[in-house]
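Student: Could we go through this one together, starting with how the chains meet?
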Number of protein chains: 2
Amino acid sequence: METQFNELKQRLAEVSDLNAIMSILGWDQEVMMPRAGTAGRAEQRATLSRVIHEKFTSPAVGQLLETLRPYEESQPYDSDAASLIRVTRGDYDKECRIPADLRAEMTRSASQAYGAWVEARQKADFALFAPHLEQQLALKRHYIACFPPAANPYDVLLDDFERGMTTAEVSAVFAALKADLVPLIRAISARGDAVSADCLHGYFPAAQQQAFCLEMLEPLGFSAASWRLDPTVHPFSTGAGILDRRITTRYHEDYVGAALFGALHECGHGLYEFGVSPTLERTPLCRGASYAMHESQSRLWENLVGRSRTF
Amino acid sequence: METQFNELKQRLAEVSDLNAIMSILGWDQEVMMPRAGTAGRAEQRATLSRVIHEKFTSPAVGQLLETLRPYEESQPYDSDAASLIRVTRGDYDKECRIPADLRAEMTRSASQAYGAWVEARQKADFALFAPHLEQQLALKRHYIACFPPAANPYDVLLDDFERGMTTAEVSAVFAALKADLVPLIRAISARGDAVSADCLHGYFPAAQQQAFCLEMLEPLGFSAASWRLDPTVHPFSTGAGILDRRITTRYHEDYVGAALFGALHECGHGLYEFGVSPTLERTPLCRGASYAMHESQSRLWENLVGRSRTF
């Protein structure tokens, strides 16, 4: 079995490399690329997504997953080996349902839409973005139609973020939280002795905000050897591997809170992936266990640490 | 024939997209990437070079080139159609000689070597780079051995820069130039009334040098919509398409000449590719006709324009 397991890992390492490249192309588009590059970048990302789809859904991968079933069952459920095979099988079964053309078109369309969204936002003109949004929705409906009917069509999309979770379950969680949180927030607001946030407002030049953010991030684990912090339109965290983390924030010169809490939040996402074991590099396990887990890490650093009195 | 020609163009468009992505990965490594990302980036570039090699050397491409031979011969030699097929056939015949493993190893090794070179240069410690240089040479010898023996082994490598040119021809050109240029330069130096370059020396902060370079580049055709200028260790020009040009320079704070003439030189390379017809985008014709032609354009802007009295 060791030969087959190594062959699977080799194939997944290549797919993982190509996914890392896709992340860098996205980062570059949102942070560095001259805006006239949008049309070309959309084609480049579409072509790469097609290559990734073809490599990952290759019948050889499916055969390896079948061959390795007894090996997977012989290993402890939480072992790296069993988890690698199980997670890959889940990804593989889903990806095989999606035609390569749809995957490429979803990528192309999203990349074009990003360029239009930036322009629409700058000009405060929704009409520039509306046709792109409509296309995104149409493609999502095509995507949903690739899967067996679910209780709620959104269940199919939610599964990409939280494997196995349904819209009904999320709604129940949110309903329970709302029942207590809404009165609590009202009660706090009514007390009128809220902490003043005045010190966050004033005039703060972008370059100085960046220096300040870097100073706040360094005690958390951010270092120039493995990280970048850059400005963008809407902050996000990405990277090309455990040791290549890219986080972004934005600078409003009259309010330092957006940059600071944005940077702390994205650093939280980055730290979660920076903390993955190097033995999982270039495997499908080299990512967050779920998006909720990911978001819990970003909010831990943004809110529990970043808004604490001691910090 | 139109169906086959369009199929060839579609395949070449995908290869072109992947080559554009490779350029961005190189730019990112030399300009943006945190240094701890080197090992991962070397694997990513190796994987991508293997994919490009596999896509381009696919037997389907060879069959299309054979099928299209009569069509190529029916078109004028300098037409886009005949040129596309001819240039692709030349590239294809060469690339098919190279094993995918060698192509991937050359890419991986060069990417690792770049990281080592930057460190060795910074520490002025050649020993850090020496083993990488030896590996580069060994791989070049493997590459040369993939081709029929040439009068000079370097002929094989030169062909990648100037198709069909030999080391003997270049040596003859240089010998003829040297015969007149060396005495000419001696005679000028001996006159002792050289133009003073004192104004280029002084204290010039990097940020102000960058602003100055941008001001000098804009009249040439550089614009933020399609171009970037960034600092790097050794300046170069690259891009991800006609409308996405990336040039680089470096700032010595006691001498503005390096940044200025470097930026003008790289802008010349960029302008050459920026001037390619949009109808050639995503084809193998969307590049310089030769490296000598490319260098002539960079030197035109650096020297004939940049060092002219009027500029």
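Tutor: Buried area is the accessible area (1.4 Å probe) that two parts lose on being put together, summed over both. This is a predicted model, in which local features need pLDDT of at least 70 and side-chain atom pairs count only at pLDDT 80 or more, while totals for chains, interfaces and linings use all residues. Residues are numbered from 1 along each chain as its sequence is written, and side-chain values use heavy atoms, with hydrogens and water left out.

Student: OK, what area is buried between chain B and chain A?
Tutor: About 2800 Å² is buried between chain B and chain A, and carbon and sulfur atoms give 61% of that area. On the chain B side, B:Ile21, B:Pro34 and B:Gln44 lose the most area to chain A, together 19% of what that side buries.

Student: And how many salt bridges are there between chain B and chain A?
Tutor: Counting a side-chain nitrogen of Lys or Arg within 4 Å of a carboxyl oxygen of Asp or Glu as a salt bridge, there are ten between chain B and chain A. One of them joins B:Arg282 to A:Glu43, with the closest N and O atoms 3.7 Å apart.

Student: Switching topic, how many disulfides are there over all chains?
Tutor: Zero, when a disulfide is taken as a pair of cysteine sulfur atoms within 2.5 Å and the whole structure is searched.

Key:
Chains lettered and ligands numbered in written order.
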